[in-house]
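The sequence and structure are shown first.

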Amino acid sequence: MNAVSFFHTSTTKPYSGILTTTRMRNLVIGLLFLTVLSPIFLYTDMLSASFTPSSSKQEDVNAFTLPSDTRHLNVLPQEESSTVIKEPIGIVYTDHTNPSSNTNLTEKDLQLPDAREHKYARVLSATDEKGHSQTDNIIKQVIQTTNQEDEEEEESQKDNGSDRESHQKTTQDQLEQQSAVNSGKDDEKDAPIAETNKQTDQTAMPDARVRQLRDQLIRARVYLSLPATKNNPHFTRELRMRVKEVQRVLVDATKDSDLPKNAYAKLNAMDQLLEKGKQMQDDCATMVKKLRAMLQSTEEQLRVHKKQTMFLTQLTAKTLPKGLHCLPLRLTTEYYNLNSTKQQFPNQEKLDDPSLHHIALFSDNVLAAAVVVNSTITNSKHPSKLVFHIVSDRLNYAAMRMWFLVNPPGRATIQVQNIEEFTWLNSSYSPVLKQLGSRSMIDYYFRAARASSDSNLKYRNPKYLSILNHLRFYLPEIFPKLNKVLFLDDDIVVQKDLTGLWSLDLKGNVNGAVETCGESFHRFDRYLNFSNPLISNNFDPRACGWAYGMNIFDLKEWKRQNITDVYHTWQKLNHDRQLWKLGTLPPGLITFWKRTHPLDRHWHVLGLGYNPNVNQREIERAAVIHYNGNMKPWLEIGIPKYRSNWSKYVDYDHAYLRECNINP
């Protein structure tokens, strides 16, 4: 081998190895380009294709130039001017974290396609004074689209349907489904609030459901009387069945708590049936006439029932219960079986002692008088200083004495007198006694058919014919040696110590009483006839009245001012009942005009015999509570919630009460 060939052979082999290495490198680079860069270009091309607007105009990217002031990026307004979004995709951003932790998210925040996009949009909207944020654009477009769809849907309904109707319906369903994603959680969170509000409403109106059930009964009766309902026997039968169910549910319920557990289900069932009945009615005029007739009939029935209620209430108030009629008969029999030595009360030397606390009580009701005495002694700090002066009529005198002989008042002193023993009290001295025995007065009370009789039943109550009711105007004559006397009615209960009343300074007045001008009917014009000049020239119609029932009287001032003669003068002027009707309060207002010292209200709280809404706190604070009115606590018509204040001073286990079946 020569040198040339040797050289050629030795140089060819290294060169071929280098060439092979270069090719391998190029191949690797090519494969790398294909596997890495090609997907990037393809993905970029796909993105550009997906964001290319449907318009024939293509936006030139090279023509897009940034403004010199990079602080104001008005990209969104430019897109708004160049492209129009026809139908936004209502993608709702759902946060799977605890909703309670995102308390700062608003409804706009939850409607963003992406939380990150919302963040950038807020920054852009803050820097652009004239433009709108992407969030606002999306929401506005959704609203506009929805409104447009609503209008198109109405048009499509008028045209009996079109292809667009289904598209709009689908879009609306999508929006409802999207909003349900967030509203589901909100509803769960708001459910306790709604339940709380419901409970609050029920607390504010404890009889709301009872009223609703009663209203349903009225509507059901109206539907049953209409022709459209009568022509549908199946509906009529079902409605009558529902009426019976509701009536059984109501029974005597007065508030929602009285209703059974299934009341709500019955209410809903009746409501659904009434809605069905409403759709059956095609003649509204007939229904209006029927309702008007029912209203007139109901008003007439209400008027009749009110009159009957007034009559029965007055009758019940005037009628003595069987037990209270039995008790004095039983006591009277026992009294006359006693020896004369056992018919006397102890401590009679205290009866005229002016240093003691004297209480006057005029009553023909043994049990009521017993409660007054028992409650006064129970709450007194110095019962040994108490002296009770009880005056009764001839029929109940023996029974009253027997009761307190069997039930002595502890360390207190008691006296029971018969009004027949007051020989000085006769028709020649007392004009009211003369009037009570006159034929005209008897006719006024007992002959209601006469024209001269008053239509108001309360003025024909027998208590107005009893002279016991007028003894309060003769206190100095009954107790000539006393200086101060506390007058108590027999329908009161003493709850506090009354010692402070005897030390009160009445400032020259005769009568100490609690004023009752808090209500309009307790002023002078409600008791006196101001159309008569004798009244209008001497008294103020708006003057504040005061209450009988608990009064402290200064008998020294009474005598000095000659109050009994004042009373007699006005009674003579009212012989024909033209100045006031009847009773003792009107002549009391006149007799003690400008002679009454007002006491603090807590001494005497009234209304427990007619007003079921007396403030409970006032009752608890009161020294004396007064059951003035027809609903006395010993009668069945007494207000139940006030009866316990009276009955706790009655020993129902007493032998006489058990024999006469007097129960709480």
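In this predicted model, buried residues account for 37% of the 664 residues in the chain. The secondary structure comprises 24 helices and 10 strands. Of the contacts between residues at least 6 apart in sequence, 73% join residues that are at least 24 apart.

**The seven-stranded sheet**

Seven strands form an open sheet in the order S3-S2-S1-S4-S7-S6-S8, and the pairing is mixed. Its edges are strand S3 (413-418) and strand S8 (596-598), each of which pairs on one side only. On average, neighbouring strands of this sheet are turned by 25 degrees against each other, direction being ignored.

Strands of a sheet pair through backbone hydrogen bonds, in either a parallel or an antiparallel manner. Both arrangements occur around strand S4. Strand S1 (residues 357-362) is joined to S4 by three bridges, and the two strands run parallel. Within this pairing, Ile 359 stands opposite Leu 486 in S4, and Leu 361 stands opposite Leu 488 in S4. Five bridges link S4 to strand S7 (residues 550-554), and here the strands run antiparallel. In that pairing, Phe 487 stands opposite Asn 551 in S7.

How many residues of strand S4 are buried? Five of the five residues in S4 (residues 484-488) are buried, so the strand is largely enclosed by the rest of the structure. In a regular strand the side chains alternate between the two faces of the sheet. In S4, Lys 484, Leu 486 and Leu 488 point one way, whereas Val 485 and Phe 487 point the other way, and all are buried. A charged residue, Lys 484, is thus listed among the buried positions of S4.

**Helices on the sheet**

Helix H13 lies across S1, strand S2 (386-392) and S4, and runs at about 175 degrees to S2. Helix H14 packs on the sheet, where it touches S2 and S3; its direction makes about 165 degrees with that of S3.

H13 (residues 366-378) and H14 (residues 397-406) also pack against each other, at an angle of about 40 degrees and with their axes 10 Å apart. That angle makes H13 oblique to H14. The crossing of the two helices is right-handed. On the H13 side the contact is made by Val 366, Ala 369, Ala 370 and Val 373, and on the H14 side by Ala 399, Met 400, Trp 403 and Phe 404. By class, this contact of H13 with H14 has eight nonpolar, no polar and no charged residues.

**The three-stranded sheet**

A further open sheet is formed by three strands in the order S5-S10-S9, again with mixed pairing. Strand S5 (492-494) and strand S9 (604-605) are its edge strands, each pairing on one side only. S9 is joined to strand S10 (residues 624-626) by two bridges, and these strands run parallel. Val 605 stands opposite Ile 625 in S10.

| Strand pair | Bridges | Direction |
|---|---|---|
| S1 and S4 | three bridges | parallel |
| S4 and S7 | five bridges | antiparallel |
| S9 and S10 | two bridges | parallel |

**Two individual residues**

Lys 266 lies in helix H10 (residues 263-280). Is Lys 266 buried or partly exposed? Its relative accessible area is 22%, and Lys 266 is therefore partly exposed; the buried class requires a value under 20%. Apart from its neighbours within four places in sequence, Lys 266 is in contact with Glu 245 and Val 249. The C-alpha atoms of Lys 266 and Val 246, residues that are 20 apart along the chain, are separated by 6.6 Å.

Asn 532 is located in the loop between strand S6 (511-513) and helix H18 (533-536). With a relative accessibility of 18%, Asn 532 counts as buried, because this value falls under the 20% limit. Once its neighbours within four places in sequence are set aside, Asn 532 is in contact with Gln 578 and Leu 579.

Note on methods:
Residues numbered from 1 in each chain as written. Predicted model: local features only at pLDDT ≥ 70, side-chain atom pairs only at ≥ 80, totals over all residues. Heavy atoms only, no water. Pairing = 2+ DSSP bridges. Helix = DSSP H or I, 4+ residues; strand = E, 2+ residues; numbered from the N terminus. Axes fitted to C-alpha atoms, helices over the stretch in contact; angles between N-to-C directions. Parallel < 35°, antiparallel > 145°, perpendicular 65-115°, else oblique. Left-handed = near helix turned anticlockwise from the far one by under 90°. Contact = heavy atoms within 4.5 Å. Buried < 20%, exposed > 50% of the residue type's maximum accessible area, 1.4 Å probe, protein only.
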